[in-house]
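Have the picture open while you read, and look up each spot as it comes along.

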Amino acid sequence: MSDMTVLWSASSGTIASIPLTTKFVETFDEALLGERGLTLDTTMHDASVNQAFTDAASDVTGRVFKVGGGTLTVEKNSAHGETGVAYGTLAPASASVTQFGRSLVVTNGATVSLTGAPTSLTVERLALGHERTRGVLTLDQGDVVTITGKDGLKVGRGFVRCDAAAATPGTQTFFRLADGATVDPAELANLHVLNGSAEYQYAFEIDGNEIKLKVEAWQTTPTTWTGAKSGDWTDDGNW
């Protein structure tokens, strides 16, 4: 009996989960994606995908779109062109899953979550939100996203959530730049801490090949009225 290869392909189509559905796609020998790709709709349920996808051709960017409420758990690394997360949450099943698409685009309030065991994620390009909707990246201390492409971080309305870091003054590395990777510092102005405290101020900064979150307590300097110049409260010379 000869060996058999099971081939599966998609270029425009949707798979939607129903109650008690746990797996979307799994264990095909080869799964090809076209430009219009495959939409996985979790429809307010939690489900998983255990499949590595491949671009249908060298000049094609194969795409996966995650929509619908609920969490889609990724159980296998995949180097297809792009994953778009438009609703709900995308999360790796374990620390061994470090890539699900060379590019990752997170919009419409969706979340990519690396919480759990220390986790790393590798992408050529990460896009978080745009002008009207936000994209959220949730991390634990020790989680790092490695960016490998030029202009590899695009932020419209991007948010990072990390409970421990948000409550601890100091610095923490959340992103690393691989050799040859670049990020425009102006993008960091649109990146914010989702769960920040009013006690601290937060800033993302590029430090060599790392992007760090700097957390500092607000510094307040007492201001005393002297009236030395006039009786005008708006005159700086009186303070």
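Here is a short tour of a predicted model, going from its strands to its rings.

## A sheet of parallel strands

Start with the open sheet, which is built from 7 strands. Going across, the order is E2-E5-E8-E10-E12-E15-E18, and the pairing is parallel. At the edges sit strand E2 (14-16) and strand E18 (153-155), each of which pairs on one side only. Direction ignored, neighbouring strands of this sheet are turned by 10° against each other on average.

E2 pairs with strand E5 (residues 38-41) in the parallel sense, over 3 bridges.

## Two residues in other strands

Next up is Asn50, which belongs to strand E6 (residues 47-50). Is Asn50 buried or exposed? Its relative accessible area is 16%, and since buried means under 20%, Asn50 counts as buried. Leaving aside residues up to four places away in sequence, Asn50 touches Lys23, Val25, Glu26, Thr27, Glu75 and Lys76.

Ala91 sits in strand E11 (residues 89-92). With a relative accessible area of 13%, Ala91 is buried as well. Beyond residues up to four places away in sequence, the contacts of Ala91 are Thr71, Leu72, Thr73, Val74 and Ser113. For a sense of scale, hop from Ala91 to Trp218: they are 127 residues apart in sequence and 34 Å apart in space, C-alpha to C-alpha.

## The nonpolar core

In soluble globular proteins, nonpolar side chains tend to be buried together. Here, the largest nonpolar core has 49 residues. Phe53, Leu104, Val112, Val145, Phe174, Phe175 and Phe204 have the most contacts inside this core.

Take Phe174 as an example. Not counting residues up to four places away in sequence, Phe174 has a list of contacts including Leu139, Val145, Val160, Cys162, Phe204, Ile211 and Leu213. Asp140 and Asp143 are among the residues Phe174 touches, too.

## Rings and a charge

How many aromatic pairs does the structure hold? There is 1. Phe53 and Phe100 make up this edge-to-face pair, at 6.3 Å centre to centre with 70° between the planes. Phe53 is in the loop between E6 and strand E7 (54-55), while Phe100 is in the loop between E11 and strand E12 (103-106), so the pair links distant parts of the chain, 47 residues apart. Phe53 is buried at a relative accessible area of 3%, and Phe100 is buried at 6%.

One last stop: the charged end of Arg134 sits over the ring of Phe159, 5.5 Å from the ring's centre.

Terms used. Residues numbered from 1 in each chain as written. Predicted model: local features only at pLDDT ≥ 70, side-chain atom pairs only at ≥ 80, totals over all residues. Heavy atoms only, no water. Helix = DSSP H or I, 4+ residues; strand = E, 2+ residues; numbered from the N terminus. Buried < 20%, exposed > 50% of the residue type's maximum accessible area, 1.4 Å probe, protein only. Contact = heavy atoms within 4.5 Å. Pairing = 2+ DSSP bridges. Axes fitted to C-alpha atoms, helices over the stretch in contact; angles between N-to-C directions. Core = buried A, V, L, I, M, F, W, Y, C linked by side-chain atoms within 4.5 Å. Phe/Tyr/Trp six-rings, centres within 6.5 Å; stacked < 30°, edge-to-face > 60°. Lys NZ or Arg CZ within 6 Å of the ring centre and 35° of its normal.
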